[in-house]
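The points are grouped by topic.

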Amino acid sequence: LLQHLPPLQLDRDLLFFEPIDYLMRGFCFERSSDVAAFYVWVFVQPLYVPHDSVYFNFGDRLSPGWSVSKKSEPEVMTEILDAILADGLPFLDRFHTPEDIVDRIDDFGDAYPTNTHFIETYAYSLILVGKYYQAEEELRLLHARCEPNPRNVEWVYDQMHRGDRVLAKLKRSPEEARQLLLEWRRQTLRALKLEKFATTLERKAPV
């Protein structure tokens, strides 16, 4: 695949653009229970939302999946290449920066503003582009969406507490909030073992 695509880095089951900035942009080859079958995802992962694995909230499968054998490999890989060129790369080209997340949050349909993962990402992205008042509103919305939590789901509480922590820092100083998001980015890169592919971000917060 690599010889037919723009420069992409290969690492384990990932193909991605480097250097990695605020967003990780690429493709993941996901295994299935069938050893001959797999899925290919195109995804954008905002690294300033702390996470210890790759996830596909901001992405999609390129097809229902593929199954490959030695005989079918050339045909299957040609199909995958066609899907990457036709659908995957155009998707990734819409998302390069946190500004793109802010500007194109509606591209993900009904997921925002009902899905707390999207609210959290949107709020943090607003901070990074300097839209602090709007970010405060989104962080309050995040708390309101998370607080009921009738099933006591732990990750929902974690999400709410993260948002509350960012909101408290934002009220004191936007730069404090921004530095926390940059620290979470570093943590995520360490968890994903991708630090060597990342840039160093020390730019000042937007005025």
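In this predicted model, Asn-152 is exposed, with a relative accessible area of 55%, and the residue sits in the loop between α5 (132-146) and α6 (154-172). Its backbone has a positive phi of about 55 degrees although Asn-152 is not a glycine. Most residues other than glycine have a negative phi, and most peptide bonds are trans.

**Other backbone points to check**

- Arg-12 likewise carries a positive phi of about 55 degrees without being a glycine, and its place is the loop between β1 (9-11) and β2.
- The relative accessible area of Arg-12 is 53%, and as this value is over the 50% cut-off, Arg-12 counts as exposed.
- The peptide bond that leads from Glu-18 to Pro-19 is cis, its omega being near 0 degrees, and Pro-19 belongs to the loop between β2 (14-16) and β3 (23-31).

**Fold and overall dimensions**

- The protein chain contains 7 helices and 6 strands, and read from the N terminus the order of these elements is β-β-β-β-β-β-α-α-α-α-α-α-α.
- For 207 residues the globule rule gives 17 Å, and the radius of gyration of the protein chain, 18 Å, is close to that value, so the chain is as compact as a globular protein of that length.
- The C-alpha trace of the protein chain spans about 60 × 40 × 30 Å when taken along its principal axes.
- Of the contacts in the protein chain with a separation of 6 or more, 55% are accounted for by residues 24 or more positions apart.

**Burial, surface and charge**

- Buried residues make up 46% of the 207 residues in the protein chain.
- The accessible surface of the protein chain amounts to about 11,000 Å², and 50% of that surface belongs to carbon and sulfur atoms.
- There are 25 positive and 33 negative side chains in the protein chain, with the centres of the two sets 5 Å apart.

**Helix α4**

- Helix α4 covers residues 116-128, and at 1.5 Å a residue its 13 residues should span 18 Å, which agrees with the 19 Å between its end C-alpha atoms.
- The helix is mostly covered, since 12 of the 13 residues in α4 are buried, a state that here requires a relative accessible area under 20%.

Methods
Residues are numbered from 1 along each chain as its sequence is written. This is a predicted model: local features need pLDDT of at least 70, side-chain atom pairs count only at pLDDT 80 or more; totals for chains, interfaces and linings use all residues. Side-chain values use heavy atoms; hydrogens and water are left out. Helices (H or I, at least four residues) and strands (E, at least two) are DSSP runs, numbered from the N terminus. The radius of gyration is taken over C-alpha atoms; the globule rule is 2.2 Å times the number of residues to the power 0.38. Buried means under 20% relative accessible area, exposed over 50%, partly exposed in between (1.4 Å probe, protein chains only). Contact means heavy atoms within 4.5 Å. Accessible areas come from the Shrake-Rupley method with a 1.4 Å probe; for residues, only the protein chains shown count as cover. Lys and Arg count as positive and Asp and Glu as negative; His and the chain ends are not counted. The place of a charge is taken as NZ of Lys, CZ of Arg, CG of Asp or CD of Glu. The expected span of a helix is 1.5 Å times one less than its number of residues.
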